Amino acid sequence: MTPEQLWNEYKTLNPAIGDEINAWAFGVEPDQLADLVLRGEKTATASIYDLYQINDGPIPQAGTFDVILDSQGRAVCIIEVTKVSVVPVCQVSVDHAFKEGEGDKSLTYWQQVHQELFTEWLAEVGLGFSQESGVVLEEFHKVYPL
């Protein structure tokens, strides 16, 4: 299903979402992570703040809706962003790591995987990673399909 088709289906239930579609896939293992969202096991994500600044893009906002895509660009589900914060990597909580739903859901796992990922992504744009690097934490819930 295309993002537009899924959006229009959900729009019949919630006309207030409007016409602007924000669709994206997770940067690493998009199929596995989209499936975790679909099953309700993944209710949070994190991204590196510096990349928003470099790309001059706005950070996500609470109250917005996004279409989650798989690796083929197919729409999997729609989420509503419920909370967004920016903190240093060293301040990511056990609770947030658990909500991300990945691996064993521990903070240790989260730190290991995200340090590798963020180091790689920042190096691609000529920046270095540190425990003080800003990270955008998003919490969300799946709204469609129910």
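I take two strands as paired if DSSP finds at least two bridges between them. Helices (H or I, at least four residues) and strands (E, at least two) are DSSP runs, numbered from the N terminus.

**Ground rules.** I am working on a predicted model, where local features need pLDDT of at least 70, side-chain atom pairs count only at pLDDT 80 or more, and totals for chains, interfaces and linings use all residues. Residues are numbered from 1 along each chain as its sequence is written, and side-chain values use heavy atoms, with hydrogens and water left out.

Entry: I found an open sheet of five strands, 1-3-4-5-2, with mixed pairing. Strand 1 and strand 2 are at the edges with a single partner strand each, so one side of each has no neighbour in the sheet. A reminder to myself: strands of a sheet pair through backbone hydrogen bonds, either parallel or antiparallel.

I then went pair by pair. Strand 1 (residues 23–24) runs parallel to strand 3, joined by two bridges, and A23 sits opposite V67 of strand 3. Strand 3 pairs with strand 4 (residues 75–88) in the antiparallel sense, over five bridges. F65 has E80 in strand 4 as its bridge partner. Five residues lie between the strands in this hairpin, and G73 takes a positive phi near 80° there. Strand 4 and strand 5 are antiparallel too, with ten bridges; I78 stands opposite Y144 in strand 5.

**Entry: strand 3.** Are the residues of strand 3 buried or exposed? I use buried for under 20% relative accessible area, exposed for over 50% and partly exposed for in between (1.4 Å probe, protein chains only). Five of the five residues in strand 3 (residues 65–69) are buried. F65, V67 and L69 point one way, while D66 and I68 point the other way.

Entry: I checked angles between axes, which are lines fitted to C-alpha atoms (for helices over the stretch in contact), with angles from 0 to 180 degrees between N-to-C directions. Helix 1 (residues 3–13) lies across strands 1, 3, 4 and 5, at about 85° to strand 4. Helix 5 packs on the sheet, touching strand 2 and strand 5, and its direction makes about 35° with that of strand 2.

Entry: In helix 5 I noted L107, W110, H114, L117, F118 and L122 as buried. Their cover includes strand 2, helix 3 (49–54), helix 4 (94–100) and strand 5. Just after helix 5, G126 takes a positive phi of about 80°.

Next I looked at nonpolar cores, meaning sets of buried Ala, Val, Leu, Ile, Met, Phe, Trp, Tyr and Cys residues joined through side-chain atoms within 4.5 Å. The largest has 15 residues, and A46, V89, V92, W110, F118, V135 and L137 touch the most other members. Helix 5 gives the largest share, five residues. A second, separate core of eleven residues includes I17, F65, V67 and V143.

**Entry: two residues up close.** Contact here means heavy atoms within 4.5 Å. Leaving out residues up to four places away in sequence, W110 touches A46, V89, V92, H96, A97, E100 and F118. T45, in strand 2, counts as buried at 9% relative accessibility. Apart from neighbours within four places in sequence, T45 is in contact with F26, H96, E100, V136, L137, E138 and F140.
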